[in-house]
Amino acid sequence: MRYAPMALAPSSAPTISTAAPARSYAGPMVLMTTLFFLFGAVTNFNDVLMPYLKDVCQLTDLQSSAVQSAFFGAYFLMSLPAGWVLKKLGYQRGIVVGLLVMAGGALLFIPAADSRAFALFLTALATLGAGITLLQVAANPYVSILGPARNAAARVSIVGVANNFGGALSPLVGGLVLFGGSVALKARLAALPLAERLAEESQLVKGPYIGLAVFLVLLAGLFFFLVKLPDIEGIPEEAAEEARPMAAGRTSALAFPHLVLGVAAIFVYVGVEVGLGSFLIRYGESQSIRQLSGFTQSLVQGLNVATNYALVLFGKEPSAIDTTVGFTKAVGAVLVSSYWFGSLVGRLLGIPLLLRFHNRVLLVAVCAAGTALVGASILSTGETALWLIVLCGLMNSIMWPVIFPLAITGLGSFTKQGSSYLIMAIVGGALIPPLMGWLATHGGGLRVAFVVPALCYLYLLFYAVSGYRVR
């Protein structure tokens, strides 16, 4: 599918005075953009939550990967039920329900922190994931259809920028909240018996999730009482006539090979993106870096100054990250944020590129680069290995906005069903990190585990070269 520039070609046809004015969807796009910011912030907070719970609940790498399994597993279990909910309630009320479900999941972190029970943390994460699934099933096809079909990838990229912005901020703030603190506080905690230290550290997670629950309830109230979203059933789809011949004689979205391969592509894309972010801190710890480069120290200190005062929102005093002792979890949180910030930069650069160039060619380029970066990281050591993985965030940036529209091309009346299958494929984020965790625990360490993302990028390269073709 090609995406032409937005300028209209001149026409020699006479002007029809009774023509209806073009409909504006700017307001709904702003609201959808807000939701995608929320998706990114909540999802990527898990990247710092995972090593935090590994310590607080005394887990192995494999056990800690259940954080992502619980969260992303909800996508698989809830995608089809979410479609039923949206059919019964409509998109707008479905969004309200999704926000309230998320708020309930956020509040479950209070008893989870008090009991330090990993199973309760997982229940809270699964509930959050269920709420986000309902919102995603509504929002992704909504954004794809909310305007000219030729600009679908650009629109998905716009909301993706908000998603990545939220995703870049939350690990940074989360790292300060969970791994920051004054030198005096750290010294006091270190002097406590293990059980007492873990009990006190488990309370640190309450503030972010209580704040999230309040925000979600307020946002649900806004959608319920003040906002009126247009019904996308009434939005004309430019590609509808073109899609009917392709859909003729097919009884299911799964009868389209390019959709089936696209589902697998979304599966491995989400898996590799989540897996790299989830294990970046642990990957850094495994490198035994005793001295950080000047560049890394400057980056950590600069971002620390820029964001430190966010701690005040959570009732904590601002404190500096110590970069003189080498790699720490707090330093790793900044690199995780940089990983997601790279995806944000890629989305910003990708919007004009997707409008100007064939999106599939761009997909081939980033998939090939991702494969090369992970392969080079496996063969490297120290900070070089870490920064090669951080750069993968830039490569991941345009994958979703290109793969999703390509996969639903030509589905016609099966578009909604196909979208549900694609959302279900987000379960890759639940399965690939545990596979990496298993390899790290039983198969030779994190360096071996990173072979999995390399293979994922290779499949994505296949999809970009051949698998996308409508048959």
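Let's start with Arg282. At 18% relative accessibility, this residue counts as buried, because the cut-off for buried is under 20%. Keep in mind that this is a predicted model.

What does Arg282 pair with? Arg282 makes a salt bridge with Glu285, with 3.1 Å between the closest N and O atoms. Both residues sit in helix α12, three residues apart, or about one turn of the helix. Glu285 counts as partly exposed, at 28% relative accessibility.

Glu285 has another partner. Its side chain meets that of Lys329 in a salt bridge, 2.9 Å from N to O. This pair links distant parts of the chain: Lys329 is in helix α14, Glu285 is in helix α12, and 44 residues separate them. Lys329 is partly exposed, at 26%.

The whole structure has three salt bridges. One of them joins Lys206 and Asp114, at 2.6 Å, N to O. Lys206 is in helix α10 and Asp114 in helix α5, so this bridge ties together parts 92 residues apart in sequence.

Phe224 is exposed, with 51% relative accessible area. With Leu222, Phe225 and Leu226, Phe224 forms a nonpolar surface patch of about 480 Å² accessible area together.

Now the inside. How much space lies in the largest cavity? About 340 Å³. The lining has 23 residues; Gln136, Asn163, Tyr269, Glu273 and Trp400 lie nearest the centre. Elements giving two or more residues to this lining include α12 and α14. By type, the lining divides into 13 nonpolar, eight polar and two charged residues.

Conventions:
Residues numbered from 1 in each chain as written. Predicted model: local features only at pLDDT ≥ 70, side-chain atom pairs only at ≥ 80, totals over all residues. Heavy atoms only, no water. Patch = residues over 30% accessible without salt bridge, like charges linked within 9 Å, V, L, I, M, F, W, Y side chains within 5 Å. Areas by Shrake-Rupley, 256 points an atom, 1.4 Å probe, with all protein chains shown as cover. Salt bridge = Lys/Arg side-chain N within 4 Å of Asp/Glu carboxyl O. Buried < 20%, exposed > 50% of the residue type's maximum accessible area, 1.4 Å probe, protein only. 1 Å grid on protein atoms, 1.4 Å probe; cavity = no way out; pocket = protein on both sides within 12 Å on 5 of 7 lines; lining within 4 Å. Points joined across faces, edges and corners; volume = space filled by probe spheres on them. Helix = DSSP H or I, 4+ residues; strand = E, 2+ residues; numbered from the N terminus. Nonpolar A, V, L, I, M, F, W, Y, C, P; charged D, E, K, R; others polar.
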